[in-house]
Amino acid sequence: MAIDKLIVDNSEVLISREIQQAPIKTMVRELLQNAIEAQSEYKNQLREIKFSIEPVELEDGSYVDKLSLKNNGTGMTSLELRSITNLSASIGKSMGKGANYGIGAKVSGLRSNPAGIIYHSNCSGIVSEVTIMCEDGVYGRYKDFDSNDDVFDVTGEYQPSELVEDWTKVTLLGSDIEDNTMKKPFGDEIDVDHNWLNSLIHYRYFRFPNNIGITYGEGVLSDKQTERTLYSWEHLINVKDKIQSETVDAGDGVKVIYALNNNGTTWNAYQHSLNATGAIVYKDEMFDVASSHKLLPRKWGTTAPRLGIPFGSDRLSIFIELDDGYPVDMNQYRDQLVDNLGDPITLDQFAQYVSILMPDWVKSFIDDERKKHTGSNENMRRRIESMIRNLSLKSSQLKLDASGKTKVDISDGTGGLAGQKSKKSGKKRRVQLKRGSSKSATNKSAYDSIPQAVFISDKDEIREKGLTGKAASFVEGCNTVFINAEHPAYLDKVTETENDFAVVMADESGRVIVMDSLNEEYEFSLISSVIHSKYEAKRGKWDTETLNQSLSNAALTVAASKDQSIVPMIKMKLGSNKELQSIKAAA
């Protein structure tokens, strides 16, 4: 069969569309990854990649600072440099999404640098220059009007000492030629602080090649900053005295790295503050990254509970490392992992690994953090247990195991794992997930399946857990209902209760009794909503979307706001309380 190949009639439109659709924040990754791969033939030699500030002269004779990146890998000839600045061009690279084959650096770079990207490459003492840019909506190489050349010999701009070894340097001119591209790297699209570059690298790379040193030249991060070396998350975890860590190998191409900062909530990476993070690590890079940093859309405070970490996420980081042969690939722009169908791979898909493989010392830390919050009391939980029995719900929490195929009972915390004790901090251990080894669901108490309820009153924690403007949130991963103690649904009931029990609540012990009763009824109302939703889903055979809607923050907020039975129930329950009667009589 013969095929007549398709051609592109209007390549300018196609190129422009591809550049404009590129994710803007991947620019730094693409440039750095190209620099790393340029060193691939020097695996046994120490190499360097350096970010610097490059003063560029404008037409009026003034100078403006531009960010540049230089590596001392093999340089390119003038022909090679011209070729590499074509989109989809590659030199010595595999043409595939999983390989960094060259399209990303130009595409994502031009998205935020239409004023231009200057390439200088020294090959055997001859420095060639190419500039790619956008003019009047057309992307291409700068061409001299008189000579018609688009590749230039600029060897004379450098001292002989600078030509001894090969190197390549990339300088970013910005959205506008007058932009300082360290202070305004993305034009007007994204506002950044002085640590934007450090953050984009730290929240993308888990480790760097051992033979490559990555440095910031003077003044890159701030006017007073001296030259310094950039260190990876792996390095930070391994060398910092206050970081307690453990790597658990699940035995099927997945490792879970648990890292706890015992020094507080700031992970100081050599004068740069990082936040606790969750991420998937694949081929040394991080994907689906969750943190509280403003440059990242996904927040660790709302993601961690879905992985079985309801408390302490401001100090505990989780990294899911996949073997190189794991059945995933990077998408077109290499900012997301996808499966063989092209569907995104996310942290949530590894929740079972995190909870089932969790070391004892991590569980102890989470329990200690839990104790800092008020929450479910025994009486309320027994009431829920009775309600579950009346609804004839099966008691166990049956969930998909780590393979996503077998149902396992994890309500006892074992998840079908052979009992293995955690080893000392920083050690590695291997755990095989057992299939079909869990006990029968009927042997479990309904009490074990009852969601925990936790009141959150700290405003920062409310924001981190996604509770702003919401009365409550149910997180399946840790089987917990987080209650916003600053939401009107709760505060209105506190006010109503204080009005009805004003006399006895003037006494401290009386206030404790009344507030405990209010909190119990409020918790009972919200947890009942969760239990009833699950019961109706089972009885009515709801699909997952319908169930999720009924368990959403919005649905729980409506349920809490409209429940007018809570305060009357408190009045009925406490009407015969002898201690309150005594307080009232003595008032």
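The following paragraphs lead through a predicted model of a protein chain.

Residues are numbered from 1 along each chain as its sequence is written.

Confidence is the starting point. The predictor's confidence in each residue is given as pLDDT, on a scale from 0 to 100. The protein chain has an average pLDDT of 83, and 85% of the residues score at least 70. Over residues 93–103, however, pLDDT stays under 50, and the model has 33 contacts beyond four places in sequence for them; a contact means heavy atoms within 4.5 Å. Residues 433–448 also stay under 50, with 38 such contacts. Where pLDDT is low, the predicted coordinates should not be read in detail.

Helix α9 spans residues 360–370, and its buried residues are Trp361, Val362, Phe365, Ile366 and Glu369. Buried means under 20% relative accessible area, exposed means over 50%, and partly exposed lies in between (1.4 Å probe, protein chains only). Because these residues cover an arc of only 140 degrees around the axis, they lie on the same side of α9; the arc is that of the directions from the helix axis to the C-beta atoms. Among the elements that cover them are β10 (243–249), β11 (254–261) and β16 (316–322).

Asp284, in the loop between β14 (278–282) and β15 (285–290), has a phi near 75 degrees, a positive value in a residue other than glycine. Asp284 counts as partly exposed because its relative accessibility is 29%. Arg334 is found in the loop between β17 (329–330) and β18 (337–338), and has a positive phi of about 60 degrees although it is not a glycine. At 1% relative accessibility, Arg334 counts as buried.

Finally, an open sheet of 3 strands has the order β22-β24-β23, with mixed pairing. Its edge strands, β22 (452–456) and β23 (472–475), each pair on one side only; two strands pair if DSSP finds at least two bridges between them. Strand β23 is joined to β24 (residues 480–484) by 4 bridges, and the two run antiparallel. Within this pairing, Ser473 stands opposite Phe482 in β24.

Methods: This is a predicted model: local features need pLDDT of at least 70, side-chain atom pairs count only at pLDDT 80 or more; totals for chains, interfaces and linings use all residues. Side-chain values use heavy atoms; hydrogens and water are left out.
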